[in-house]
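Please read the points below with the sequence and the model open beside them.

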Amino acid sequence: MIERIYVINLDRAQDRWSALNRELGRLKDGEGRPLSAISRRFSAIDARYIAGPPPANLLEPTYTLAEQLFVAPEPKLTVDDFARATRIAMTPQEIAVALSHISVWKLIAASDAPYTLVLEDDVYVTRTCMSVLDRAWNEMLSAQAIDNAVDLVYLSYKETGEGKTQTHTGSALRRPTRGLWQLSGYVLSRKGAEKLLSLLPAHGPIDLWINLQFRHLSVRMTEQSVIEQRAGVTSSNSYSVLPVLSKVGAIQHETPLLARRRSTKGPLVAVGMPGTGLSTVAEALSVLGFRCISDVADICPDEREALLRGRRSRTFDAYVNIGSLGPSELKRISSNSSLSLIVTTGPSSATGSPAALSALGEAIDLPPHRCLVLPVDNPDPWERLSRFLDCDYPTHPWPHQLEQGQRRVIASNMGERMARTGRRLTWDTSPWIVGHTDSHGVALDHTIPLREVGNDDNDSAMIDWQTGARLDDSEWYLRNDTFPSNRAIFQPDNVTRRSNGPTTLTLRRESSRVRDFTGAAIASRQYFTYGTFAADLRVPSGSGLVSGLFLHRNGPRQEIDIEFLGRDTTRMLVNVFYNPGIVGTRLEYGYRGTPVLIELGFDAAKAFHHYEIEWQPECIRWRVDGVTVHERFPWGPTPIPNQPLEFNVNLWNSESIELAGVHDEEALPAMLKVASLSARSRSGTPRHLQRAVGT
């Protein structure tokens with residue numbers, strides 16, 4: 001019989017263990033004993049503390065697209081050489097889950113219990129579970145006289161759609177051959193645990209890998225899932241396969257991800273001495289969903305007045321390293337609102353005590369629960385910060401940032417220029433977009449020059465291509481992927497390179513398994529941080545068509561766009577997508593971005609013109625034929641993208657009628673002519689910036 005229950009539970013989520021154990025206490029075994037009597041808590045491996053690769057004898061942290069398709073077939077994809085060659089790296093969360101289950105298998109194999117129930121802590125036991133399990137168990141025991149002993153019984157699962165193949169073994173049990181997801185509730189025999197351990201190392205997400213082992217195991221599943229995910233329990237897991245399925249075209253339509261702005265009872269202010277990680281704290285607050293302004297000598301008069309008087313009309317939630325917010329201002333803010341204060345300090349010994357607040361004087365009288373001292377060398381700053389803010393510990397890496405210092409704010413006519421040249425379309429709603437129509441951003445003094453590009457500067461690069469030269473394959477590549485909302489898949493054959501004329505990108509009707517059209521795209525092999533990015537283009541016209549010249553990345557998603565909508569090529573759409581965090585931060589919010597239409601004064605489909613994006617830490621400028629037509633400063637309406645971006649030019653047709661209009665079949669084949677491409681990048685690190693202590 002089942003003689004033990006293990007509940008896999010994170011140390012930082014012991015409330016889940018308590019809730020599940022109470023629930024098990026209300027359920028009785030055949031002798032009337034509560035199931036909590038045989039329950040044991042297993043301290044789960046925490047993704048936040050994983051350093052380096054997992055033990056090679058336990059887990060290989062990659063898997064192939066073909067293995068994913070074996071378990072969950074996609075009607076648009078085939079298991080071919082490409083799928084077998086496409087390797088996917090597991091996320092830290094997937095690695096932690098796999099190692100936790102493997103550790104439990106070791107305990108089961110070493111125990112004297114013939115069968116053990118394994119539960120993850122975010123489940124609940126349905127009302128029918130005990131009766132279904134009782135019937136299934138009797139059925140299983142009676143069958144063992146003519147069958148091998150069962151190694152594994154799924155009580156909680158999700159079946160894949162197409163491709164699932166099961167044969168019935170009775171009224172309460174089925175025998176799966178593949179196609180089961182989840183390991184949140186299952187019964188494992190001692191011999192089954194021994195078999196699984198003998199098959200290690202696992203590779204890929206553990207619920208995928210175990211499907212590949214069904215031929216070595218005797219596996220059953222109850223006729224229905226009788227242990228379910230608990231509603232309202234948020235999962236911090238991150239799934240490695242989704243970006244790959246998007247790129248290969250398995251996902252046609254995307255559901256916009258909506259970022260939730262962090263609600264606060266009052267303003268959050270962070271202060272500290274230079275070199276104590278204030279810019280890092282600002283980025284961390286932004287990652288958590290706070291709209292945070294930081295590292296400036298002052299804020300605009302309206303914002304300052306709203307902050308001091310405790311008004312709810314404030315644009316920002318958090319204010320970090322603001323020069324004009326001294327002790328007297330903080331006292332006034334505290335008297336008018338529920339101020340929360342973060343003080344960054346140097347390396348700690350006793351800096352965790354409230355005495356560290358003495359740097360502000362005794363003018364501010366805040367209760368201890370509204371004050372946080374954050375030493376620059378804190379070994380787990382996310383834990384301290386998230387506990388102070390009463391929010392979930394994030395799955396994203398701690399964002400070590402360069403110290404910006406308090407930058408001087410200057411006046412700007414940017415708002416007038418936007419009103420004169422641009423028409424705002426619908427913007428996304430997110431913590432990193434200021435939605436006010438009169439928000440023109442924070443113009444920063446940029447008199448301190450960026451470092452000059454030198455041959456020994458690894459942060460600088462320059463790649464060029466123009467008509468008459470070879471499109472160097474070591475610097476540029478032709479894309480063969482796609483993305484949701486793109487009706488086409490990019491094909492290298494749709495790029496025609498000529499030695500004495502412009503390169504042509506073609507969009508045509510051409511069916512493949514994943515799309516009905518094929519388009520074309522050229523991308524830089526290198527990622528750049530700041531610089532000037534330009535092209536000489538002649539774009540096609542036709543409703544539904546989109547010609548793009550842009551910089552882009554995912555993890556976090558950041559993007560700077562020029563797009564030409566084929567339905568009206570007398571206009572140019574400029575756009576910025578911004579998500580905070582350093583490389584590896586899986587924030588991908590944004591469907592519309594912050595688009596603005598620019599009147600060109602000519603038809604971009606009639607002749608070649610020179611288009612340019614100048615991207616610097618303090619501003620973005622868009623130029624046409626050498627003339628600046630639009631510019632944005634920080635928070636006008638987004639922060640300036642600050643992570644390395646890939647440079648692209650492409651031609652595609654959009655699923656979005658709102659963006660590109662109804663698709664015009666008569667416009668095909670459509671051709672985007674490219675006479676030159678250039679990326680001139682220089683280091684975005686001003687001389688006065690210093691790396692934060694402890695990074």
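1. How many bridges join strand S24 to S39, and do they run parallel or antiparallel? The model is predicted, with local features needing pLDDT of at least 70, side-chain atom pairs counting only at pLDDT 80 or more, and totals for chains, interfaces and linings using all residues. Residues are numbered from 1 along each chain as its sequence is written, and side-chain values use heavy atoms, without hydrogens or water. Strand S24 (residues 461-466) is joined to S39 by 6 bridges, and the two run antiparallel; Ala 461 stands opposite Ser 681 in S39. (Strands are DSSP E runs of at least two residues, helices H or I runs of at least four, numbered from the N terminus; strands pair if DSSP finds at least two bridges between them.)

2. S39 also pairs in the antiparallel sense with strand S28 (residues 503-509), over 5 bridges, where Thr 503 stands opposite Val 674. Strand S30 (residues 531-538) is antiparallel to S39 over 8 bridges, and Gly 531 has Ser 681 as its bridge partner.

3. Because 9 of the 12 residues of S39 (residues 670-681) are buried, the strand is largely enclosed by the rest of the structure (buried means under 20% relative accessible area, with a 1.4 Å probe and protein chains only).

4. Elsewhere, helix H9 (residues 278-287) packs on helix H12 (residues 381-389) at an angle of about 55°, with the axes 12 Å apart. In this contact, Ala 284, Leu 285 and Val 287 of H9 meet Trp 382, Leu 385 and Leu 389 of H12, with heavy atoms within 4.5 Å counting as contact.

Methods:
Buried means under 20% relative accessible area, exposed over 50%, partly exposed in between (1.4 Å probe, protein chains only). Axes are lines fitted to C-alpha atoms, for helices over the stretch in contact, and angles run from 0 to 180 degrees between N-to-C directions.
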